[in-house]
Amino acid sequence: MKFGGSRQIRIIFDGRESTEPVISNLVLACKVPVNIMYAQTRDVGGTAMGQMIIQLPEDETEAKRALHYLETVKIPYEEVTQHDI
């Protein structure tokens, strides 16, 4: 799996249970690796708050599978560029 020119997305944590392993679940469910580029999250009374930027695989089929998973489990995300980080 190559990551060089692949897409990056910002995942927003805005109140999900802080013990939910969001990234692990994504990797296991979709069978695709992701690269964590940046994370700023914290536990506030049992809920996760903050954001994380992950890099998706270059393979478009794998990237779409990961994005579909996030949509299915209702995890907000947005695509970002180097200028957004």
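Student: What makes the pair E17 and T19 a polar contact?

Tutor: In this predicted model, the side chain of E17 comes to 2.5 Å from the side chain of T19. The cut-off for a pair of N or O atoms is within 3.5 Å, so 2.5 Å qualifies.

Student: Where does E17 lie, and why is E17 called exposed?

Tutor: E17 belongs to strand β1. Its relative accessibility is 51%. Exposed means over 50%, therefore E17 counts as exposed.

Student: Which residues is E17 in contact with, apart from its neighbours within four places in sequence?

Tutor: Those residues are G46, T47 and A48. Contact requires heavy atoms within 4.5 Å. As for V44, its C-alpha atom is separated from that of E17 by 9.6 Å, and the two residues are 27 residues apart along the chain.

Student: How many helices and strands does the protein chain have, and in what pattern?

Tutor: There are two helices and four strands. Along the sequence they follow the pattern β-α-β-β-α-β.

Student: How do you know that the buried residues of α1 are on the same side of the helix?

Tutor: The residues in question are V22, I23, L26 and C30. Around the axis they cover an arc of only 100°, which puts them on the same side of α1. A general rule applies here: an α-helix has 3.6 residues a turn, so residues three or four places apart point the same way.

Student: What covers the buried residues of α1?

Tutor: The cover includes β1, β3 and α2.

Student: Why is K31 called exposed?

Tutor: Its relative accessible area is 68%. The limit is over 50%, so K31 is exposed.

Student: Where is K74, and what is its phi?

Tutor: K74 is in the loop between α2 (60-72) and β4 (77-80). Its phi is positive, about 60°, although K74 is not a glycine.

Student: Is K74 buried or exposed, and how do you know?

Tutor: K74 has 67% relative accessibility. Buried would need under 20% and exposed needs over 50%, so K74 counts as exposed.

Student: Which residues of the largest nonpolar core touch the most other members?

Tutor: They are I9, I11, I23, I54, L56 and L70, out of 19 residues in that core. At least two residues of the core come from each of β1 (8-17), α1, β3 (47-55) and α2. The largest share, five residues, is supplied by α2.

Student: Which residues is I9 in contact with, leaving aside its neighbours within four places in sequence?

Tutor: The contacts of I9 are M52, I53, I54, L56, L67, L70, Y77, E78, E79 and V80.

Student: What share of the protein chain is buried?

Tutor: Of its 85 residues, 33% are buried.

Conventions: Residues are numbered from 1 along each chain as its sequence is written. This is a predicted model: local features need pLDDT of at least 70, side-chain atom pairs count only at pLDDT 80 or more; totals for chains, interfaces and linings use all residues. Side-chain values use heavy atoms; hydrogens and water are left out. Buried means under 20% relative accessible area, exposed over 50%, partly exposed in between (1.4 Å probe, protein chains only). A nonpolar core is a set of buried Ala, Val, Leu, Ile, Met, Phe, Trp, Tyr and Cys residues joined through side-chain atoms within 4.5 Å. The arc is that of the directions from the helix axis to the C-beta atoms. A polar contact is a pair of N or O atoms within 3.5 Å; within protein, one must be able to donate a hydrogen and the other to accept it, and residues adjacent in sequence count only if both atoms are side-chain atoms.
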